[in-house]
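Hello,

Here is the structure we talked about handing over. Please look through it first, then read the notes below.

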Amino acid sequence: LMKNNIFLSIILILISSCSTLAFWEDDSDGEVIEPVALQSFKNEHPVSIEWKKSFKGENNLGSFRPSFYSGNMLVADPEGNISSLNPQSGKESWKINLDRGLAAGVASGFGKLIVSDLNGFVIAIDSETQEIIWEKNIGGEVLSKAVVSASLILAKNSVGELVALSALSGEKKWSFRSQLPALTVRGTGESIIENGIVFSTFDNGRLGAFQLETGFFLWDAPISFVEGSSELENLIDGDSAPVIAKQLIFATNYQGNLTAFDIAQKRPVWNANASSFYSPIVANNMIMVIQDDGSILSFSLANLSPSWTSEEYLRRELSSGAAYKNLLLIGDLDGYVHVINPMTGITVGRKKVSGNPIMNIVTFRDFAYAIDQDSNVVAIKL
């Protein structure tokens, strides 16, 4: 991955996947524009904290999200610890340390736990014995969770390559390398698997489709097109996982679009201007996009017409969102979790759950979990 110079590296830090600091400056006089103050709301859905647990290391990119397997919650932290917890109580059943720094959270499935270290090694661990089965270097740091199928482990590295490894041995089965632009956001989106097809977004702002078992390239198409005159203006990373809904696959990118692709037609069929580092969220027959400036866009899944737009949380460095009990949950820089009605965009619940910025929210059964920048996990319920 080539970077032009130190200046561009600094820009990368400012626009890292979970930071909006680069958007706070007023172009006219250079003054910093503060995050919008929180507004009053009607507390229709009170948030309760069920338990909290602290892990080690800084989760600055928000790439350390837990996974859930066989009823257990699996958490990896940047310092190499992997823990299995009871999702309801937070009680730890086992913990191991790999004695190395990790680059992203743990993936799980088919009897395996998958993590990646800072040197580009993908590591497979037996879920029963917690012993390392194999490890394989894939030629670049892995900045998002791997994806586990019965036969293959899929991981994307920092040089724009999607790699499929044998689940049994770690042997490389196939790979696809995208054409990297000169400037990229630090981070990469997870792939998804649907009906034997792998869908993955890439740093060049395109969505690609591949046969899972063979890696055969099926098709790709742009989430958005380059329209600027400078490298910064042409930064259109697809930095999140696509989402399937209503027989369409939706993807977002930075300084680009929310785009719907028809899987059968293998082409984009609809788009709307959007700039996001996060996957779209589907809830209550709506699809919503959390933009990099803290605004939220929504569209009806029935006809893809625009619904509401919220600027209530501008510049509050919103986390990824999650659908929970037909509501939208988001976190912010002050450690609040906000509950939003997806039909109206109105805030209907709120609670401060951490003293640190919230980076991710994930859900499992009756609980939602907020993960903050200091690798703390907070279990909440409505």
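Ser240 is buried, at a relative accessible area of 6%. Buried means under 20% relative accessible area, exposed over 50%, and partly exposed in between (1.4 Å probe, protein chains only). The residue sits in the loop between strand 17 (217-222) and strand 18. Strands are DSSP runs of E, at least two residues long, numbered from the N terminus.

What does Ser240 touch, leaving aside its neighbours within four places in sequence? The contacts are Gly189, Glu190, Thr201, Thr252, Phe277, Tyr278 and Ser279. Contact means heavy atoms within 4.5 Å. For Tyr278 there is also a polar pairing: its backbone oxygen lies 3.4 Å from a polar atom of the Ser240 side chain. A polar contact is a pair of N or O atoms within 3.5 Å; within protein, one must be able to donate a hydrogen and the other to accept it, and residues adjacent in sequence count only if both atoms are side-chain atoms.

Residues are numbered from 1 along each chain as its sequence is written, and side-chain values use heavy atoms, with hydrogens and water left out.

pLDDT is the predictor's confidence in each residue, from 0 to 100. The protein chain averages 88, and 86% of the residues score at least 70. Residues 1-25 stay under 50. The model has 60 contacts beyond four places in sequence for that stretch. Where pLDDT is low, the predicted coordinates should not be read in detail.

Strand 18 pairs with strand 19 (residues 248-252) over 3 bridges. Two strands pair if DSSP finds at least two bridges between them. Ile244 has Ile249 of strand 19 as its bridge partner.

Another open sheet runs 26-27-28-29, with 4 strands and antiparallel pairing. Its edge strands are strand 26 (322-324) and strand 29 (347-352). Strands 26 and 27 (residues 327-331) pair over 3 bridges. Ala323 is bridged to Leu328 in strand 27.

Best wishes

How values were computed: This is a predicted model: local features need pLDDT of at least 70, side-chain atom pairs count only at pLDDT 80 or more; totals for chains, interfaces and linings use all residues.
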